[in-house]
Amino acid sequence: MAIYSRVRDGEATDPIETQLPTIFAALRERLRVDEFYEATILRLSRVLTILFDWIDRFGWSALVDLMRLLTLGLAWLSRVFDQSLINSSFDASCESVRGSGRLAGLLQNGQTQRYLRLLAVGVVVLIIALAWMGGSSR
């Protein structure tokens, strides 16, 4: 403040400019902070923007497309495996159980006479088997 108190009205030059011209010139140029910021931070930001835009368009998009195709391929293989191996094996085993159920249904229909006939046939087969085995062991 003391420097500016001695300024007379109408003087065109700043007292600091006359006493410290180098510092005054640096301050007038804002210490070139804007130019430094433009040359470093903003230039790096522009380069990184272009780089990341390219990576986004060609790198990530290609990777996403590759993952999509891989997922579709694996889903197709899973479906083929499921339909050709798992479903066909399960269907065959279900058909076997169904056939066994039909056979059991023929044998067990609730008629006592049929059960006694089957028991009589089993006893006759057992007697014949024992007689055959007993006669051949001598």
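This is a predicted model: local features need pLDDT of at least 70, side-chain atom pairs count only at pLDDT 80 or more; totals for chains, interfaces and linings use all residues.

**Reading a model step by step**

Q: Let me start with one side chain. What is the relative accessible area of glutamate 38?
A: Glutamate 38 has a relative accessible area of 36%.

Q: Which residue forms a salt bridge with glutamate 38?
A: Look for oppositely charged groups within 4 Å. Here the partner is arginine 46, and the closest N and O atoms are 3.0 Å apart. Arginine 46 is partly exposed too, with a relative accessible area of 45%.

Q: How many salt bridges does the structure hold?
A: There are four. Among them is the one between arginine 98 and glutamate 95, whose closest N and O atoms lie 2.4 Å apart.

Q: How are arginine 98 and glutamate 95 placed in helix α4?
A: Check the spacing along the helix. These two are three residues apart in helix α4, which spans residues 33-107, so about one helical turn separates them. Arginine 98 is partly exposed at 45% relative accessible area. Glutamate 95 is partly exposed at 38%.

Q: Which other arginine forms a salt bridge with glutamate 95?
A: Arginine 102 does, with its closest N and O atoms 3.9 Å from those of glutamate 95. Shared partners join Glu95, Arg98 and Arg102 into one network of salt bridges.

Q: How do I read an aromatic pair?
A: A pair of aromatic rings is described by the distance of the centres and the angle of the planes. A search of the whole structure turns up one pair. The ring centres of tryptophan 54 and phenylalanine 58 are 5.6 Å apart and the planes meet at 45°, so the pair is tilted.

Q: Where do tryptophan 54 and phenylalanine 58 lie?
A: Both are in helix α4. They sit four residues apart, about one turn of the helix.

Q: Which residues form the nonpolar patch on the surface?
A: Look for nonpolar side chains that are grouped on the outside. This patch consists of Trp60, Leu63, Leu66, Met67, Leu70, Leu74, Trp76, Leu77 and Val80. Together they have about 890 Å² of accessible area. Take valine 80 as an example: it is in helix α4 and is partly exposed, at 31% relative accessible area.

Q: What does arginine 114 touch?
A: Leaving out residues up to four places away, arginine 114 touches Leu106, Leu107 and Asn109. Arginine 114 itself lies in helix α5, residues 112-136. It is partly exposed, with a relative accessible area of 30%.

Q: Now the whole chain. How many helices and strands are there?
A: The protein chain has five helices and zero strands. From the N terminus on, the order is α-α-α-α-α.

Q: What share of the residues in the protein chain is buried?
A: Just read the percentage against the chain length. Buried residues make up 1% of the 138 residues. The accessible surface of the chain is about 12,300 Å², and carbon and sulfur atoms account for 68% of it.

Key:
Residues are numbered from 1 along each chain as its sequence is written. Side-chain values use heavy atoms; hydrogens and water are left out. Buried means under 20% relative accessible area, exposed over 50%, partly exposed in between (1.4 Å probe, protein chains only). Patches are made of residues with over 30% relative accessible area and no salt bridge: like charges are joined within 9 Å, nonpolar side chains (Val, Leu, Ile, Met, Phe, Trp, Tyr) within 5 Å. Accessible areas come from the Shrake-Rupley method with a 1.4 Å probe; for residues, only the protein chains shown count as cover. Rings of Phe, Tyr and Trp (its six-membered ring) pair if their centres lie within 6.5 Å; planes under 30 degrees apart count as stacked, over 60 as edge-to-face and the rest as tilted. Contact means heavy atoms within 4.5 Å.
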